[in-house]
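Here is a short report on strand pairing and aromatic contacts. Please keep the model open while reading.

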Amino acid sequence: VAGYNSHLTDECTNNGSVSVGTLTTTGDLMLGGVIGCCQYTANLTNSGAIAVGGTYNGRVFVGGAVGYSMTTTDSKNTECSNSGTITIEKSAEFNKATYIGGVVGCSKFSADNCTNSGDISIAGTYNGQTYIAGNTAWTFASLKTNKIVGANNSGDITITGDASFKQHGTLPGAYATAITASGVNPFIAGCVANSNTALDNS
């Protein structure tokens, strides 16, 4: 729907697929089913599949609805959902930090009542720290302001045998979990996970 919006992105829907194949970048990539980068969001819906290949020498933010949300202390991401699959292909190479979330790749503030039912399949080479989550991969702010409330994930996360991680972490070199992979003192409440996180070496 949009690459960048410096204000509220509200009531937007995407049903089409998004595919990045042989791209090579030196800067950051912010990719979302509805919007790549924005200030804050409400009521975004994505059902389109996302597929990522290529070589990335900057940070990468991939989310089913939003890639990177630059939310401020008086705003948040609320009522966003994704049902589309996210596939990171074997050809993909990430040379800096990578954030992959079923709904939001990275949020600078709160995420309320966001839902993901799309499966996430991870292959490729990861040379920086990697954060993978069924809902919001990374959040950062202070304990008083940073919250993930009412998050729901039913999409499975599969780390395939074609994935290679160079940094330490909790699951084959990556931080991976159903709701949020990591963040700076996040407050998490009322979240539900009905999904599987698995390593597939087949």
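Helices (H or I, at least four residues) and strands (E, at least two) are DSSP runs, numbered from the N terminus. This is a predicted model: local features need pLDDT of at least 70, side-chain atom pairs count only at pLDDT 80 or more, and totals for chains, interfaces and linings use all residues. Residues are numbered from 1 along each chain as its sequence is written, and side-chain values use heavy atoms, with hydrogens and water left out.

## Strand β16

Two strands pair if DSSP finds at least two bridges between them. Strand β16 (residues 98-101) pairs with β10 (residues 60-63) in the parallel sense, over four bridges. Here Val 62 stands opposite Ile 100. Four bridges also join β16 to β21 (residues 130-133), again in parallel. Tyr 99 faces Tyr 131 there.

Buried means under 20% relative accessible area, exposed over 50%, partly exposed in between (1.4 Å probe, protein chains only). Thr 98 and Ile 100 on one side of β16, and Tyr 99 and Gly 101 on the other, are all buried.

## Val 104

Val 104 sits in strand β17 (residues 104-107). Its relative accessibility is 0%, so Val 104 counts as buried. Its contacts (heavy atoms within 4.5 Å) include Gly 63 and Asn 135. Val 104 and Gly 63 are 41 residues apart in sequence, yet 4.4 Å apart C-alpha to C-alpha.

## Aromatic pairs

Rings of Phe, Tyr and Trp (its six-membered ring) pair if their centres lie within 6.5 Å; planes under 30 degrees apart count as stacked, over 60 as edge-to-face and the rest as tilted. The count comes to six aromatic pairs. Phe 61 and Tyr 99 are stacked, at 5.0 Å centre to centre and 5° between the planes.

Technical notes: Lists of a residue's contacts leave out its neighbours within four places in sequence.
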